[in-house]
There are 4 protein chains.
Amino acid sequence: MVPLQATTTKHTTSSGQDSTGRSPSLRETRARLGLHPKAPINEDEAAEPRNTGLAWGRIRIALREPFSEFWGVVIMILFGNGSVAQVLLSMGEKTAPGGAGYGAYQSVSWGWGLGVMLGIYVAGDSGAYLNPAITFSNCLYRQLPWRRFPLYFCAQILGGFVGSGIVYANYINAINHFEGRGIRTVPPSPTATAGIFCTYPAAFMTKASMFFSEFIASTILMFVIFALKDQGNLGSAKNDRWFPLSLFFLIFGLGACFGWETGYAINIARDFGPRLMSYALGYGPEVWSAGGYYFWIPMVAPFCGCIFGGFLYDVFIYTGPSPVNSPWLGLKIFLRPDYAWKVRKQRTIREVEEGAV
Amino acid sequence: MVPLQATTTKHTTSSGQDSTGRSPSLRETRARLGLHPKAPINEDEAAEPRNTGLAWGRIRIALREPFSEFWGVVIMILFGNGSVAQVLLSMGEKTAPGGAGYGAYQSVSWGWGLGVMLGIYVAGDSGAYLNPAITFSNCLYRQLPWRRFPLYFCAQILGGFVGSGIVYANYINAINHFEGRGIRTVPPSPTATAGIFCTYPAAFMTKASMFFSEFIASTILMFVIFALKDQGNLGSAKNDRWFPLSLFFLIFGLGACFGWETGYAINIARDFGPRLMSYALGYGPEVWSAGGYYFWIPMVAPFCGCIFGGFLYDVFIYTGPSPVNSPWLGLKIFLRPDYAWKVRKQRTIREVEEGAV
Amino acid sequence: MVPLQATTTKHTTSSGQDSTGRSPSLRETRARLGLHPKAPINEDEAAEPRNTGLAWGRIRIALREPFSEFWGVVIMILFGNGSVAQVLLSMGEKTAPGGAGYGAYQSVSWGWGLGVMLGIYVAGDSGAYLNPAITFSNCLYRQLPWRRFPLYFCAQILGGFVGSGIVYANYINAINHFEGRGIRTVPPSPTATAGIFCTYPAAFMTKASMFFSEFIASTILMFVIFALKDQGNLGSAKNDRWFPLSLFFLIFGLGACFGWETGYAINIARDFGPRLMSYALGYGPEVWSAGGYYFWIPMVAPFCGCIFGGFLYDVFIYTGPSPVNSPWLGLKIFLRPDYAWKVRKQRTIREVEEGAV
Amino acid sequence: MVPLQATTTKHTTSSGQDSTGRSPSLRETRARLGLHPKAPINEDEAAEPRNTGLAWGRIRIALREPFSEFWGVVIMILFGNGSVAQVLLSMGEKTAPGGAGYGAYQSVSWGWGLGVMLGIYVAGDSGAYLNPAITFSNCLYRQLPWRRFPLYFCAQILGGFVGSGIVYANYINAINHFEGRGIRTVPPSPTATAGIFCTYPAAFMTKASMFFSEFIASTILMFVIFALKDQGNLGSAKNDRWFPLSLFFLIFGLGACFGWETGYAINIARDFGPRLMSYALGYGPEVWSAGGYYFWIPMVAPFCGCIFGGFLYDVFIYTGPSPVNSPWLGLKIFLRPDYAWKVRKQRTIREVEEGAV
């Protein structure tokens with residue numbers, strides 16, 4: 001959620017054919033992918049010979065932000081899914097120090113909380129959204145360009161897919177030990193291990209309650225994140241280190257306070273990516289049908305919740321530029337073409353001046 | 001507890017008919033509500049066209065601080081009540097990772113601790129008291145204007161009411177599952193769920209002990225908060241980010257060390273608001289009569305405790321301006337009208353100069 | 001452990017009959033008590049009329065540092081003893097959220113850890129040693145004047161005494177409920193509650209092991225604190241806010257890793273003060289005789305351990321001025337009177353210049 | 001992991017025969033040991049008379065960095081092994097507050113997490129790698145001179161050896177109480193206590209899985225550490241205090257999420273040093289043969305994992321100077337002697353100019 005301006009302002013002094021927008025072809029590639037022509041690279045720290053002569057050097061600059069999102073989500077999933085795996089599979093393990101398994105439910109809150117925290121540290125350069133719904137809200141309310149959304153979305157889903165695969169590889173023996181070799185089941189099976197990867201709702205929940213539970217958790221998530229990033233509030237400075245720590249507490253809290261009924265997916269990348277992986281690993285079609293085809297709720301509800309949470313924050317507290325603070329909720333842009341043209345022109349001028357989105 | 005000066009100093013450069021005290025009518029409205037004529041908005045970050053032409057734009061500026069307090073308390077209650085709900089209702093749930101429910105008592109300490117922390121981040125602009133007793137102490141010892149107290153008080157109570165309603169909506173199926181559909185009971189019933197919302201004392205407590213327990217916890221709360229905000233001590237800079245983190249530890253500690261006997265309400269907004277909600281939701285008149293009409297203790301004791309805690313801090317450690325450091329404990333103002341007039345005049349001059357309370 | 005220089009440098013600009021060393025009599029009183037003539041008060045934040053005309057105003061300035069130490073220890077003990085009380089007395093309480101009592105052993109680590117952290121915030125101005133053994137080591141290795149030791153010592157012990165009394169007052173009903181009215185027992189009684197207040201060793205420990213356990217924990221305590229305060233290492237800046245947080249982790253760690261065998265007293269103020277209180281409250285002479293008259297070990301071992309820990313740090317890592325870095329371990333001062341005279345004279349000059357220590 | 005440049009830049013102003021590279025012989029000794037001729041000592045804080053006349057004063061300057069690494073690892077092991085010892089040996093202890101032993105599995109996560117954090121505070125000056133595999137990766141990717149590796153390696157292993165010996169000395173009675181006097185067993189014995197010192201794999205693990213588990217944890221470790229130290233990312237400033245705190249969360253997470261199957265050694269110094277100690281203490285040859293001669297895996301896998309993790313980070317995210325960012329992965333230096341000579345010459349010039357590394 002670190003706005004890209006923070007990093008891109010660093011190279012506004014460099015002009016024209018500078019090293020981040022190295023060659024016209026590279027700039028074009030990035031523009032075609034929906035990214036800003038100049039990659040957000042801190043010039044002060046960058047190595048002297050950038051080696052854009054190397055093919056890989058060009059690729060990694062062209063895809064800098066998606067790579068960051070990808071790795072951020074991988075780290076988040078490694079710790080998050082890893083914590084569930086360890087607690088679930090080692091249940092009742094007598095040989096553990098303490099004699100009661102390697103961790104209790106609170107380990108899961110820790111795992112997801114610090115997974116998000118460390119994921120943000122890793123993905124810092126890209127914006128570190130780690131969640132398509134949060135990316136979406138930032139496009140909607142915080143002027144993140146819409147054209148970035150598809151690439152970020154893919155990178156985040158892919159991160160969830162790959163991260164959960166690594167967790168499976170690590171815990172494959174333990175899963176065999178727990179379920180039996182070749183047996184892979186989905187809740188409510190008593191030895192189900194599918195819950196390691198993605199979320200399944202508690203048995204007593206109704207569809208409406210499932211949706212509401214995901215919705216309210218996502219609303220809180222977005223509302224608090226916007227407060228934490230709000231420079232006009234107590235909020236954090238750009239690129240500062242309090243943000244990841246605060247996110248640890250926020251995610252820990254969602255796990256400890258709203259984590260039971262539906263498993264607090266609040267993130268399509270955290271739920272759909274690993275669900276796909278578990279399907280690929282042979283957990284069967286039940287990964288989709290379980291809980292009355294529950295799988296679509298953690299895909300849709302986080303978007304609704306994050307949009308609503310962002311709306312609430314902007315309506316009541318935010319004083320910066322937001323569509324919510326604009327006349328007609330910013331819809332004037334759709335209704336009056338001349339006004340839209342004026343706004344777009346101003347934005348282009350600003351972008352050119354700042355050398356950044 | 002972030003003093004308003006911190007935020008209001010930001011717009012002292014703007015003079016006369018500036019954008020925060022936009023129009024005479026808005027200034028009058030704010031003054032009539034007991035707030036400072038100018039809303040504490042960070043001009044640097046604010047959107048260019050403030051849209052005071054919109055009705056909502058005027059309302060939110062008029063009620064800026066109460067809105068902040070309201071949302072801060074809502075967030076606090078969501079995490080606090082939510083953590084109790086999850087731990088209480090999922091007790092013994094075999095399907096949880098670890099097989100022993102979704103959290104233990106310590107989850108509750110986490111929930112309230114980080115709820116307060118995140119609530120302060122959200123409510124930063126308003127002062128982030130989140131507790132009428134703390135607002136009261138700040139009026140008494142730290143020159144927060146008394147006329148603000150009623151509006152803050154209402155906003156905080158309403159926040160508690162609304163926040164606990166959202167938690168109920170989220171956990172309604174789980175409560176039905178735990179108590180049975182339509183059954184709602186209050187401790188000492190073995191399946192009581194009223195403890196999710198507000199506090200009930202342990203069975204063995206006497207009235208005096210209940211009062212003392214709430215009193216001592218509130219005393220510690222205020223004493224430590226004044227230490228944390230004391231610029232002359234190790235204390236924190238204005239608007240800094242250490243304060244919310246320290247509050248996490250303070251509230252966690254009160255939960256882990258003084259949280260059993262009476263449930264550490266230490267806040268009328270945290271206890272009375274949700275209690276009213278639980279009454280409205282059908283928990284019956286027992287929410288008032290339980291524990292020998294215990295309900296008035298978390299209403300009164302926090303005020304007594306916070307006043308005493310603030311008194312102790314100012315008597316022994318504080319070196320800044322406080323009635324306790326004044327001759328006759330600042331009572332001279334009541335006894336010598338000429339002196340009172342002089343003090344009031346000086347304060348008005350200072351307010352005008354600073355453009356702030 | 002915040003060196004007094006940090007606070008006293010703030011008023012070096014004020015000269016002569018300034019407001020902190022207000023009147024000759026006040027300066028004399030402070031000097032006679034072993035404190036620096038000028039009280040460490042941050043002038044920028046101090047109230048305009050200091051009211052040294054009030055008797056209490058004079059007393060609190062005369063005893064500023066001891067008061068700070070006293071309240072710091074009180075806060076530490078409230079959380080520390082409070083956490084033990086809550087966990088011990090609520091053991092197996094079915095009505096707790098989670099159904100297994102109000103906290104587990106880890107609550108105790110949290111309680112002492114955050115108790116020390118918040119105690120340091122409260123006592124910041126005085127140096128925040130909160131532990132006579134640490135004060136002693138600072139006199140020995142860090143030029144804290146020896147004449148301060150007695151008054152700090154008394155304030156710290158008194159803080160332990162008073163703090164544990166408040167905890168008893170808060171938990172008196174719960175203790176009656178647990179042990180039975182009027183019954184107060186000491187380990188190894190199965191319902192012993194004396195362990196709330198001070199430490200008792202595990203049954204299988206030998207005397208030498210008890211001493212070693214306290215010794216090694218105190219050594220670690222001092223070694224790490226010196227590292228945390230070392231400006232030449234990664235160490236913290238003066239008066240900074242990382243120190244209390246780091247102490248939380250250090251004390252938490254001692255509780256989690258070296259807290260079982262003897263209860264990690266590592267502080268005579270934390271052990272002897274509450275032990276005296278528990279004796280006064282009627283726990284009987286067993287508070288002294290339990291564990292083979294164990295009570296002297298947490299009085300003596302922390303001093304030995306802290307001296308050794310400080311010695312290790314200064315021998316291997318510290319590069320600032322320390323007797324350990326001086327020729328003959330600084331003993332030259334005792335053996336060559338002319339050298340001693342020279343050192344003392346230089347120190348006096350420095351003190352006068354700095355207006356401190 | 002604090003780069004030495006950070007500390008050494010402090011004395012670049014001092015020239016020639018300065019106090020850190022005091023005498024030609026001292027400089028030679030340090031150079032012969034593979035260290036930079038000038039010891040990284042913060043001159044501003046250093047004592048006036050450096051007493052290089054004392055033999056010990058010369059030794060500790062000559063061996064400054066190895067001493068720091070040694071003590072950092074000792075502190076890490078004291079808390080880490082100590083936490084395992086306390087939880088394992090006090091299992092089911094009824095007299096503990098809470099009645100269920102002195103800590104649960106999560107204590108172990110806390111112990112290692114804060115052990116690493118405090119170890120970094122202690123060892124700050126040396127670089128605070130505390131792990132030969134991390135030192136190795138820094139040599140490979142971050143221009144730490146290779147000639148330092150052997151001495152750091154020895155210091156780290158020795159730290160593990162000594163630290164675990166102190167833990168044994170502290171818990172000897174408790175081990176006798178748990179296993180029986182003179183009996184020392186290794187998992188899978190039901191009363192095994194060898195797990196206090198070094199790691200043993202879970203029974204169901206295959207060799208490949210053991211290796212993979214250690215490998216993936218080490219990969220994560222290095223990947224995240226490089227992110228945390230990356231100035232071009234959200235990364236931390238040099239010598240800053242966020243790094244140790246972040247490491248707490250990282251190590252805690254590895255313990256909570258990847259700590260079960262092989263005990264997350266991820267560090268030869270943490271595993272081999274204590275293993276040697278436990279062998280010396282009489283745990284028998286089973287410390288080597290257990291788990292199918294598992295002992296070599298935590299010696300080799302961390303190196304492989306850290307190299308791979310560093311490679312991944314540099315390939316995808318790092319923009320500073322790294323062999324991975326160089327043409328031919330920096331191998332040109334081996335293939336073209338003239339190029340190698342040029343690079344070496346430039347480096348020497350830079351070293352002389354910076355007075356460092």
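## A buried tyrosine in a loop

B:Tyr129 is found in the loop of chain B that runs between α5 (105–123) and α6 (132–141), where helices are DSSP runs (H or I, at least four residues) numbered from the N terminus. At a relative accessibility of 3%, B:Tyr129 counts as buried, a term that stands for under 20% relative accessible area (1.4 Å probe, protein chains only). Although 57 residues separate B:Tyr129 from B:Gly72 in sequence, their C-alpha atoms are 8.7 Å apart in space.

## Basis of the model

This is a predicted model, in which local features need pLDDT of at least 70 and side-chain atom pairs count only at pLDDT 80 or more, while totals for chains, interfaces and linings use all residues. Residues are numbered from 1 along each chain as its sequence is written, chains are lettered from A and ligands numbered from 1 in the order in which they are written, and side-chain values use heavy atoms, with hydrogens and water left out.

## The interface of chains A and B

The contact (heavy atoms within 4.5 Å) takes 57 residues from chain A and 58 residues from chain B. The area buried between the two chains, meaning the accessible area (1.4 Å probe) lost on putting them together and summed over both, is about 5000 Å², and carbon and sulfur atoms give 67% of this area. On the side of chain A that touches chain B, the elements giving two or more residues are α4 (64–89), α5 (105–123), α8 (207–228), α9 (242–258) and α12 (297–316) of chain A. Of these, α9(A) gives the most, with 13 residues.

## The interface of chains D and A

Here 57 residues of chain D are in contact with 57 residues of chain A, and the area buried between chain D and chain A is about 5000 Å².

## Two residues of interest

B:Ser246 lies in helix α9 (residues 242–258) of chain B and is buried, with a relative accessible area of 2%. Leaving aside neighbours within four places in sequence, B:Ser246 is in contact with B:Leu228, C:Leu118 and C:Tyr121.

With sequence neighbours within four places again left aside, D:Leu254 is in contact with residues including A:Phe79, D:Ala217, D:Tyr264 and D:Ile266.

Note on methods:
Buried means under 20% relative accessible area, exposed over 50%, partly exposed in between (1.4 Å probe, protein chains only).
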